[in-house]
Structure formats: C-alpha cells, structure tokens
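Please open the model and keep it in view while you read. My notes are meant to be checked against it, point by point.

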Amino acid sequence: MGEIWEGLVAGFWLVITLDADLVAITLRSLHVTLTAVMIASAIGLPFGAWLAIQRFRHRRATIALLNALMGLPPVVVGLIVYLLLSRSGPFGVFGLLFTPTAMIIAQVIIITPLIASIAHQAIRDVWAEYHDLLLSLSTSKWQRIKTLLWDGRRALMTASLAGFGRAIGEVGAIMIVGGNIDNATRVLTTAIALETGKGDFALALGLGFILIGLAVTVNLVIHTIGQTEREGKW
Amino acid sequence: MVTPILPMTLQGGVVKRRGKTVLGPVDLTVSMRGFTIFLGPNGSGKTTLLRALHGLERLATGQIAWQVPLAQAQLEQAFVFQTPIMMRRSVRDNLAYPLRLNGTSKAQATAAAEDWAERIGLSQFLDQPAPQLSGGEKQKLALARALIRTPQILFLDEPCANLDGRATREIETILKDAQASGTRILMATHDIGQAKRLADEVVFLMHGKIIESAAAATFFAGPASPQAAQLLKGDIVE
C-alpha cells in the first residue's frame, strides 16, 4: 500500500515539475503509438469495411483468421520484426532496428487485425441497414465503402481507440525491436519495465499512473471531438 | 436529352429462394406512362416482383429487357421501401446523397435538397438527424430522396403501410406530382382505396403469379378473376 502511495506522489511530482526525461518519454510514447494507430486505421478500417460487403470464397476463413490474429502474441511479433530488420535480415539494409520506426512497424502489425476486426463488425451492422438502399442507388463498391466508413465513423472510432489502448500499453514487442535505449527508443512502458527491474517501484508506479492518465485523456479527447454519446449522434 | 428506358419487358421471370419458387413464371410489360398498382394478399409476390424488376432480386430464369443497357437503366430507377431506410445523416445530407453519388457539386446537391425539403414540408428539420423523424416524415424523406434524381421509373413497396390518413394523403400528393412530371410509377399496396385513387393499371397477383392485369377502371368495375372479385368485395383471400 505504501508503495502505491509513494508511486502516486512520485508520479505527481514528475508531472508537476515537468521532468524533462518524463516529457521526452511521454512524447515518444504518444508519437510511436499515434503513428501506429493512424497507419493501422488507414489499413484496418477500409479492410474491415471491404470484408463486410464483399462476398468471396474463403470469406469466413478470412474473418476467422482476422479474429484469431487479434490475439497475436506481441513478443512473437517483436521477434519476427527483429529478425526482418536485423542486419542479416531482408530489410536490414534500411537500418531500422532499435529506432522508433521499428517500434511503429511492430505496433502496426499487432493492432491492425484488432482494428480491422472491430471495424468489420461495426460496418457489418451498418451494411445490413443500408444494403438495399445502396444497391438500389447503383453505388459502386468504392462508394459503398466510403459511405459505410463515413456513416459508421463513430463506431469505427471505437475500433481505433481499442487499437490505441493496446498499442500504448504494449511492451514486449517494442522492447525487442526498440531496445529501450535512453533518449532514443525509451517509452513509458519500457521505462516502467526498466524501473521495476531496478527495484524502483515508486518511480515505476509513478510512470504507470502517468501512462493510465495518458490513455484516459486521449480517449476522452477523442470522444469529445467525435461527439459520441450525444443525443442524435451515432 | 435523356434516353427513355421504357417500355420494359419481363419474360418468364422466376425468383427462387432456397430452391423454392417464390415468384413466377411472370410476364409483364411496363409501358412509358402511367401508374401501375400491384395488388394481392400477403405472400402473393408483389414485393418480390418489384424487387426483381429493379434488380434487387436475381432471376433464376427469365429476362428483363430495357430500351438501354442495364447499367444505364439502373441509374434511371429509384425504389422506396416499406420501412424507409434512413441514413445516419441529417435530413439535408440524406436528400443530397443520391446527387452527390453521380458527381453533382456539393452546392448544387444542397440547393436541390433544400428545395425538396421545402416541397415535402421538412425544411425545418434540415439539420436534424433523419432517423429521429416520425414514420410519416421518414417515408416522405425516402420518397423525396428517390425522386431527387428525377428517375424515369419509381418502384414503391407499400409506402403507406404504417402511416395515418394525413401522411398517406401527403405521400399520394407527391406521387401524383411525380407522375405528372413524367415519372412512371409501379407500386405495391394492400389498400384497395389507395389503388382506386391512384391506379391507371392494376396487376393482381397470387401465389407468385400474375392472375390478372387490366386497366384500373376495368379491374374495379368487374375483375376477371374470382380471387380479385373476392378481394374487392372485402373477403379474405388466401
């Protein structure tokens, strides 16, 4: 109990004093996670919509696979990305290992199936509602996808937020491909892991509370901007 | 100059669901002008026939021939469903949507939407989310959205089924105006009074087949089939 209190106090002082390391780590966390969420949303949302409206052979198997990929073990993803980006790997020439870009790549791989799967479920409901109308209006496939994405945007925001939640709290993969290098690839989660390993539980807890606060704040900001839960909105 | 898509002919049209025939074989010719009412009890195939003509149901056998290629003909058609489908948008954006699809500029589409909202008495709701409208208002909106591209042919599946007298009258007024502007109308209904008020031609269906097709005056004066006579008498027809 004492450690939790000390953690709260440590976190409070880190924030109040705008600790330079903390600010840098927090901004790096946000940069890596938000970039990964944007890329994963750009891939996952249209893919989820396409999957909802397109009928093709092995569609059910594709959806089942996508759902299964939501549970991808981050450590395994980290290991595979590590092997691909290491000097002897096929993409070693780009020198991306132990950079924020490598961390973004790993996070994109982890959260894209999650975003696509939730998007698919959300769009499937809108498609069931709109099916006859959009067919009647002779819409093209692309027009249908655009319409469904736009009209289901508030539900899709939940998909992106779920991706954000998973990415901001991720540690296994980014530790492997980022290396937790001070002033380069250290983010909140890897800093927490480091401080815990060093036995500085108060600081680790303090960083943890900041991480939670950050996740909650981003969610609230996006909900406010998106005007969800308002009368007459979807 | 818009190329006419009518007359249209359906030859030997059959629709099957899970191997069971739900419509047909049906032969039908739709002329260039007029108001055709499809009458018949529940399950007679009225909705299926309308959907098949519009291309929402796949024909198991038979074919539909328009005066222009199918893709072009489809752009000149509109459909109003029994339960109006409201997009999760404002009334203005619902009305503008079909125009935006075919590349009309936002300003022009919005102006047309506002004009139509005025005509159907919904201009005070332009910024309101369409799903929040009442049943009658939703159906008027669905009808205006269907008519905003001035289709050559309009299909309606019992558009007044759940509406009160006032809303029904408003819908009928819009339909008469559309017909006067040259839109060919095909409508399914249960309401014999409405059929008498609107129809130029009546197609009577039962068990997925056309039993009788006649000019409205002839049909209502003395239907050729005993089932239609029963229906007009107010008996239960199964």
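1. **Ground rules.** This is a predicted model: local features need pLDDT of at least 70, side-chain atom pairs count only at pLDDT 80 or more, and totals for chains, interfaces and linings use all residues. Residues are numbered from 1 along each chain as its sequence is written, chains are lettered from A and ligands numbered from 1 in the order in which they are written, and side-chain values use heavy atoms, with hydrogens and water left out.

2. **The sheet in chain B.** Look for six strands in chain B that form an open sheet. Their order is 5-6-7-3-8-9, and the pairing is mixed. The edges are strand 5 (77–80) and strand 9 (209–215) of chain B, each of which pairs on one side only. On average, neighbouring strands are turned by 15° against each other, direction ignored. Strands (E, at least two residues) and helices (H or I, at least four) are DSSP runs, numbered from the N terminus. Two strands pair if DSSP finds at least two bridges between them.

3. Strand 8 (residues 201–206) and strand 9 of chain B pair in the antiparallel sense over six bridges. Find Phe204(B): Glu212(B) in strand 9 of chain B stands opposite. Helix 6 (residues 165–180) of chain B packs on the sheet. This helix touches strand 3 (35–39), strand 6 (153–157) and strand 7 (184–188) of chain B. Its direction makes about 145° with that of strand 7 of chain B. Contact means heavy atoms within 4.5 Å. Axes are lines fitted to C-alpha atoms, for helices over the stretch in contact, and angles run from 0 to 180 degrees between N-to-C directions.

4. **Salt bridges within a chain.** Over all chains, the structure holds 15 salt bridges (a side-chain nitrogen of Lys or Arg within 4 Å of a carboxyl oxygen of Asp or Glu). Glu195(A) bridges to Lys198(A), with the closest N and O atoms 3.5 Å apart. These two are three residues apart in helix 9 (residues 188–198) of chain A, so about one helical turn separates them. Glu195(A) is buried, at 10% relative accessible area, whereas Lys198(A) is exposed, at 58%. Buried means under 20%, exposed over 50%, partly exposed in between (1.4 Å probe, protein chains only).

5. Glu158(B) forms a salt bridge with Lys46(B), at 4.0 Å between the closest N and O atoms. Glu158(B) lies in the loop between strand 6 and helix 6 of chain B, and Lys46(B) in helix 1 of chain B, so the pair ties together parts 112 residues apart in sequence. Both residues are buried.

6. **A bridge between chains.** Which residue of chain B does Asp132(A) bridge to? The partner is Arg51(B), and the closest N and O atoms are 2.9 Å apart. The pair runs from helix 5 (residues 100–136) of chain A to helix 1 (residues 46–54) of chain B. Arg51(B) is buried, with a relative accessible area of 15%.

7. **The interface.** 20 residues of chain B are in contact with 18 residues of chain A. The buried area is about 1,800 Å², of which carbon and sulfur atoms give 56% (accessible area, 1.4 Å probe, that two parts lose on being put together, summed over both). Ile85(B), Arg88(B) and Leu101(B) supply 37% of the area that chain B buries against chain A, more than any other three residues. Three salt bridges are found across this interface.
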